[in-house]
Amino acid sequence: MNPIAVIGTGQTKHSKARLDVSQPELIREAASAALQDADIGPDDIDAVVISNMEMFEGRAFPELWAGEGAYAFGKPCVKVATGGTSGTSACIAGFHQAASGEFDTVLVVGFEKHSEGHTQTGMALVDPFWDRAVASGALGNFALSISQYMAERGVTEEHAAQVAVKARRNAANNPNAHLQMPDLTVDDVLASRMLAEPLHLLDMCPQSDGAAAIVVASEETARRRGSQAAWVRAATTRHDQPYLGDLDRRLVTMRALRDAAQAAYTRAGITDPLREFDIAEIYEPASYAELAWYEALGFCKEGEAGRLITEGVTAMDGELPVNPSGGVLSTNPVGASGVIRVAEASAQLLGRAGAHQVAGAATALATGYGVYAWSDVIVMRTEKP
Amino acid sequence: MNRQQSTDGVSVLGGAETAIALPDPRSIAEMALNVVERALEDAELRWSDIDAVVTASVDLFDGLTASSIAVTEVVGAVMKPETRIAADGLAAAIQAVHQIAAGAYDTVLVVAHGKASMAHHWNLTSWAMDPIFLQPLGVDFLTVAGLQADLIAGSDSSIIRRWAELAAHRKRTARGGIGESFTIDEVLESPVIAAPIRVGMCAPLGDGACAVVLGAGGGETTGGRAVIAGTGHDLDSHHPGDRDLTEWAGLRRACLRAYDMAGITDPAVAFAVAEPSCLFPHEEALFIDAAGVGEQTVLSPDGGLFAGTAPAISGLGRLLRATKAVKGNSGHRALAHGTWGPAGQGQAVAVVEAR
């Protein structure tokens, strides 16, 4: 892919219910913040990509109504929706548009307003013949996969609870985060209500209202920015079998994420991800998922994810801070969650992450994940290609 | 940047579409598999030659969340890059053009699918209207089309008959379509469904799928090479009161972008064939005006959408027809058009040239 960079990011305050704004107004908050961050105006935007999972709000084509919130009037604008990966897919669509030579500057905005719909109803609208009755929704899918993962890799409930604590404590330093729980303990997580064995309430992500945006610039425009550009060095996607029975031991193998990561690392010249990445924003909808991602992303060998979290390797002061923002476990407006990963990774490279900034971050990883193990992997650097 | 170079070399390598049926008894996946296999055969490619897939579908129309999940396997996207544009299939094709022009992939499969038979299509479209000011009034894409037609008709008492003539002509021209054939008088006597639009004036909606393979360079087949020389898309205002419904300003902007890219300075003489996505006869005049095509351009030689169409596939099907036109020596250049949303709020065009 031709070189492109992220030159600005913006997010709303994410919360359980943003009753103070409509969907277009929510989008406008993030879009205007991203433009301000990039120091450009609406007229500088050539094209807009929207990300949203419309069935969660029970709607169709939400960008038709809400697109003007993203300054899309009179501009090329499409909506990308690929489930949990919608946000990262939309970012990659924006990357491709900016790298195509047709557009100089592309605005990508992801949003979800779960409070206006019924998320579990949306999650249940899977294949009506086979999966709808037995495997719809995130909880059942995760509970099955996680049980297999725990059995094979020696991960414990305590390991997972440590991930949940890390996320919510990191979120306390992120003013935009939904769940900010600076005093959360492992015991609190283990004592929280059991949703589906072995998943406790605090092992799972919340449903949030929120929006996030990034401004993507062509090489020519980004180069004029000097150091104020986060360069995209690789962006890869792998989708996988959707049927539960067709992909045995989904969380154990995570072949889509492994393959996407390997392809991205090869393209970006990453050979030792734990040491070479300065920060990672990975899409972990459940505490156990983050542990599985450590292995699939090559941060450690198989079976060592528990050691990584226990030894603090992925804590803010560890070798590779994972999800300084608090991650999906703290904030999850689904259509925006992938955009948030890219926005956070970009903000870290631009030195604009505020209280959760990792000092001197120069190489960053962002990932997207969907229930069917669909995976996006994005590698970014401050260094120009 | 040089917009004329940005998509240079993106070819239409092959494609296929199902005959529109109401209903098509096959599942979404079966319909998609059918067109993908035939598109690969048409392009003389194997599954392994495809680098990435872009699909087009609309969740609410399919009754599925992330409805691309329903076709992941049959479009060959397992362990491959796939993305989905939730709009008309031509917008998905334009995203594929961007992927290729970006240097991300060489060969991209574009698949659109939709089934109007599974629900009352127009009722579903009300869920795409502003839920605060418009949806509570019962407004949907059909009622906005009626408003648009009424504004255009104004006090011109003869225009309704001309629309009836056009609809009857297009339906007679359509080959293998699902719509009933109407005489002009029958069109004028058919029930009003959104005044002044009558049932006989509408392009019939059914179930269908369409697949097109795009590639960097190449594309030399028996019929020569068909290159996508320019693309453009646009999103107009949502509220009917916020724009002039008597024109398709969004299409005009989309065409300007595509013509700029293709180096077209006078669209009136540029196209041998145009394949508009018009569901109602009043839209054809809006298309001609916004695209600026002239009298020498043959519109919808196969009857266009009046042969029948399905949600999300129209524009991709038009791209396929435009490609066949330039490869079949109907002329050097053709224009494909897709639209989505109320009264053409979303617009997309692609300029296809024989090389």
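Helix H3(A) is mostly covered, with 14 of its 14 residues buried, where buried means under 20% relative accessible area for a 1.4 Å probe and protein chains only. Helices are DSSP runs of H or I with at least four residues, strands are runs of E with at least two, and both are numbered from the N terminus. The model is predicted, so local features need pLDDT of at least 70 and side-chain atom pairs count only at pLDDT 80 or more, while totals for chains, interfaces and linings use all residues. Residues are numbered from 1 along each chain as its sequence is written, chains are lettered from A in the order in which they are written, and side-chain values use heavy atoms, without hydrogens and water.

H3(A) covers residues 86–99, and at 1.5 Å a residue its 14 residues should span 20 Å, which agrees with the 20 Å between its end C-alpha atoms. The expected span is 1.5 Å times one less than the number of residues. After H3(A) comes Gly101(A), with a positive phi near 95°.

H3(A) also gives the most to the lining of the second largest cavity, four residues. On a 1 Å grid over the protein atoms alone, a cavity is a set of points where a 1.4 Å probe fits but cannot get out, a pocket is an open set with protein on both sides within 12 Å along at least five of seven lines, and lining residues have an atom within 4 Å of a point. The second largest cavity holds about 80 Å³ of space; volume is the space filled by probe spheres set on the points, which are joined across faces, edges and corners. Of its 13 lining residues, Ile92(A), Thr237(A), Glu82(B), Thr83(B) and Gln99(B) lie nearest the centre.

E2 and E3 of chain B each supply at least two residues of that lining as well. In E3(B), residues 82–85, Glu82(B) and Arg84(B) point one way and Thr83(B) and Ile85(B) the other, and all are buried. In a regular strand the side chains alternate between the two faces of the sheet. Strand E2(B), residues 52–56, runs parallel to E3(B) and is joined to it by four bridges; strands pair if DSSP finds at least two bridges between them. Arg84(B) is the bridge partner of Thr55(B).

The largest cavity has a volume of about 390 Å³. Its lining of 27 residues has Phe141(B), Leu279(B), Thr339(B), Trp340(B) and Gly341(B) nearest the centre.

The largest pocket has a volume of about 890 Å³.

Notes. Buried means under 20% relative accessible area, exposed over 50%, partly exposed in between (1.4 Å probe, protein chains only).
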